[in-house]
Amino acid sequence: MKVLGIETSCDETAAAIVEDDGEGPGRVLSNVVLSQLDDHRPYGGVVPEIAARAHLQHLDRLVRQALDEAGLGLSDLDGIAATAGPGLIGGVMVGVMTAKAMAAVTGLPFMAVNHLEGHALTARLTHGVTFPFLLLLVSGGHCQLLAVEGVGRYRRLGTTIDDAVGEAFDKSAKIMGLGYPGGPLMEKAAAGAADPGRFDLPVPMKGRPDCDFSFSGLKTAVRRHVENLGGTLTDADRADLAASFHQAVGDSLIDRCTKALKYFKEAFPDGKTLVVAGGVAANQVLRARLMDLCRRHRFDFVAPPLGLCTDNGAMIAWAGLERLRLGLTDGLDFAPRPRWPLDPGAKAAPFAGVKA
């Protein structure tokens, strides 16, 4: 079974083809990603109109490239999937309409994929992880802990009540004068001889009985330290503050995940895997700490390869393939969704908004 996947939810335009022969993890036949970082860097963040226009300009070419690299034609595919939400609605519409047009012309089934489910199921593509598993979804727009019971079956254990962790990285990096995107620049600044104990930063939500997150106060604390330094930071200041930030974020994630591991094990005694997915899953410092947590609790730790942590078409193709296997296809009247929670029945989190 082979499926084409299209991803246009934010600032990467991507197309990929994956294959599954029913005998273990899937195979990525092609995975083409065009980053828009250079387009958005002058503005310090993603500009929705610029993103949508870039998707429109490049997507057809990338789909053709994905087919060529896989050595396939449209007639060789079994289905076409596209991110249908959540995301910047202008970009989502570009991908969905392209996929619908191809499905209409070829007669192939169309799968409207939840972008977050794409991240959630990537570990099944790369490692063949079995259900159920505990998922830490960490990205620029989301920070959640979910019990993944099956395709389309998610139980939210915790979510951010304000900023997502990737958002906190970006905003703190901007405050520190590091630039955009913040995550990789903060990780680079913290590497080497940086002192993570120099700046006293809070560990948000530590000790709380629930599994929710909060990073807004951490960002504010970074601003306060920058102001105390007179607003002008040396390279050593930036390195130490970035390291202190990583320490606080890591402490928060470990505290929250420890609670979630307990709840997950009580609900699913046979569950034994923690999967971390999303763009922030590429952060090596945080990966190492989560791996250590899993060793201490006798859980398996799984994270996708770095290239499949950030937004890509392979994760959408795989989620579409998983849905197609179950007969979960969508009509060509499916409407793109700017907001699409994985667990729509979960209690609303105060101030979380679209990040819930």
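**From single residues to the sheet**

Reply: Arginine 41 is partly exposed, and its relative accessible area is 36%. On this scale buried means under 20% relative accessible area, exposed means over 50% and partly exposed lies in between, using a 1.4 Å probe and protein chains only. Please keep in mind that this is a predicted model, in which local features need pLDDT of at least 70 and side-chain atom pairs count only at pLDDT 80 or more, whereas totals for chains, interfaces and linings use all residues. Residues are numbered from 1 along each chain as its sequence is written, and side-chain values use heavy atoms, with hydrogens and water left out.

Me: OK, which residue does arginine 41 form a salt bridge with?

Reply: The partner of arginine 41 is aspartate 38, with the closest N and O atoms 2.7 Å apart. A salt bridge here is a side-chain nitrogen of Lys or Arg within 4 Å of a carboxyl oxygen of Asp or Glu. Aspartate 38 counts as exposed, at 61% relative accessibility.

Me: And how many salt bridges does a search of the whole structure find?

Reply: The search finds 24 salt bridges. One of them joins glutamate 167 to lysine 171, where the closest N and O atoms are 2.8 Å apart. There is also a network of salt bridges that links Asp20, Arg124, Glu322 and Arg325.

Me: Why are glutamate 167 and lysine 171 separated by about one helical turn?

Reply: They are separated by about one helical turn because they lie four residues apart in helix α5. Helices (H or I, at least four residues) and strands (E, at least two) are DSSP runs, numbered from the N terminus. Glutamate 167 counts as buried at 15% relative accessibility, while lysine 171 is partly exposed at 32%.

Me: What about arginine 256 and aspartate 255, buried or exposed?

Reply: Both arginine 256 and aspartate 255 are buried, and they form a salt bridge whose closest N and O atoms are 2.9 Å apart.

Me: Switching to the inside: which residues touch the most other members of the largest nonpolar core?

Reply: They are Leu136, Phe215, Phe245 and Val249, in a core of 51 residues. A nonpolar core is a set of buried Ala, Val, Leu, Ile, Met, Phe, Trp, Tyr and Cys residues joined through side-chain atoms within 4.5 Å. Several elements supply at least two residues each, among them β6 (133–138), β7 (143–150), α8 (235–267) and α9 (284–297). Of these, α8 gives the most to this core, with 13 residues.

Me: What is leucine 136 in contact with, leaving aside its neighbours within four places in sequence?

Reply: Its contacts, meaning heavy atoms within 4.5 Å, include Gln144, Phe213, Cys257, Val276 and Leu290. Another core lies apart from the largest one and has 32 residues, including Leu116, Val148, Val275 and Ala277.

Me: Now the sheet. In what order do the five strands come?

Reply: The order is β8-β7-β6-β9-β10, in an open sheet with mixed pairing. Two strands pair if DSSP finds at least two bridges between them. The edge strands are β8 (153–159) and β10, each of which pairs on one side only. β6 and β7 pair in the antiparallel sense over six bridges, and valine 138 stands opposite cysteine 143 in β7.

Me: Which strands does α8 lie across?

Reply: α8 lies across β6, β7 and β8, and runs at about 155° to β6. Such angles run from 0 to 180 degrees between N-to-C directions, with axes fitted as lines to C-alpha atoms, for helices over the stretch in contact. α9 also packs on the sheet, where it touches β6, β9 and β10, and its direction makes about 160° with that of β10.

Me: Last topic, the backbone. What joins glycine 85 and proline 86?

Reply: A cis peptide bond joins them, with omega about -15°, and proline 86 sits in the loop between β4 (79–85) and α3 (89–106). Phenylalanine 131 and proline 132 are also joined by a cis peptide bond, with omega about -5°. As for phi, methionine 205 has a positive value of about 70° although it is not a glycine, and this residue is buried, with a relative accessible area of 13%. Arginine 298 has a positive phi of about 60° and is exposed, at 79%.
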